[in-house]
Amino acid sequence: MKKESIIPKANIKMIDSFINDQDVCEKSKEGYRNSINQFFNWVFESGYDSSKLTRVDILNFKKKLSNNKSPFTVDAYLTAVRKYFKWTSVNNIFPNIAEGVRSPKKVKTISKMPLTFEQSTKLLDSVDKSTIKGLRDYAIINLMIMNGLRRIEVSKIIVSDIKDLYGKKVIYIQGKGRSSK
């Protein structure tokens, strides 16, 4: 069940204006909206007055996020909050209290290890290939293993993405962060 927002209508209208002013793709707008809503829900749950927020309040939000979110999630939330307050400042609505608030350091290591050959074989052998659904699942899993594809990339494949290129079959994939295949 989705948690009810406690953000006042005036703040929601300003968030809507901010979102509409952003020159980014719809997915990014959706992410900004979610992050800003999380911030303002925290503001009102914490008993802060949104018209009297300070940089310290932004730092407290960052600290709260850092207690239970990954550095990547904290970064995404703070990016949206920084953009929001920059927008309020440029539009002479509210000072940019988020300026200079840094995101946490992110360790750039591979957090998910690939399957071993044995694990891949065991996974493929576990699929019941006697049914159409099983054959489909086998093809999808095999495609993911052999090409390192993500679930979302595979789910966006349509028949017209399969083409002939120099006598070989290829699949055009919409990769992460891309708007085309």
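**View 1. The crossing of helix 5 and helix 6 is right-handed in this predicted model.** By right-handed we mean that the near helix is turned clockwise from the far one by less than a right angle. Helix 5 covers residues 117-125 and helix 6 covers residues 132-147; helices here are DSSP runs (H or I, at least four residues), numbered from the N terminus. Their axes, lines fitted to C-alpha atoms over the stretch in contact, sit 10 Å apart at an angle of about 165°, on a scale from 0 to 180 degrees between N-to-C directions. The two helices are therefore roughly antiparallel (over 145 degrees). On the helix 5 side, Ser120, Leu123 and Leu124 meet Tyr138, Ile141, Asn142 and Ile145 of helix 6, where contact is heavy atoms within 4.5 Å. That set splits into five nonpolar, two polar and no charged residues. Ala, Val, Leu, Ile, Met, Phe, Trp, Tyr, Cys and Pro count as nonpolar, Asp, Glu, Lys and Arg as charged, and the others, Gly among them, as polar.

**View 2. Helix 3 meets helix 4 in another right-handed crossing.** Here the axes of helix 3 (residues 55-68) and helix 4 (residues 71-90) come within 10 Å and cross at roughly 165°. That makes this pair roughly antiparallel. Helix 3 brings Ile58, Phe61, Lys62, Leu65 and Ser66 up against Val74, Tyr77, Leu78, Val81 and Phe85 of helix 4. Sorted by type, the contact has eight nonpolar residues, one polar and one charged.

View 3. Skip its neighbours within four places in sequence, and Phe40 is in contact with Ile7, Asn11, Ile15, Ser50, Leu53 and Tyr84.

View 4. Not counting residues up to four places away in sequence, Ser35 touches Ala76, Tyr77 and Ala80.

**View 5. Glu153 lies in helix 7, residues 151-155.** Glu153 counts as buried at 7% relative accessibility. A polar atom of its side chain lies 2.8 Å from the backbone nitrogen of Arg150.

**Notes.** Residues are numbered from 1 along each chain as its sequence is written, and side-chain values use heavy atoms, leaving out hydrogens and water. Local features need pLDDT of at least 70 and side-chain atom pairs count only at pLDDT 80 or more, while totals for chains, interfaces and linings use all residues.

Definitions and conventions: Buried means under 20% relative accessible area, exposed over 50%, partly exposed in between (1.4 Å probe, protein chains only). A polar contact is a pair of N or O atoms within 3.5 Å; within protein, one must be able to donate a hydrogen and the other to accept it, and residues adjacent in sequence count only if both atoms are side-chain atoms. Angles under 35 degrees count as roughly parallel, over 145 as roughly antiparallel, 65 to 115 as roughly perpendicular and the rest as oblique.
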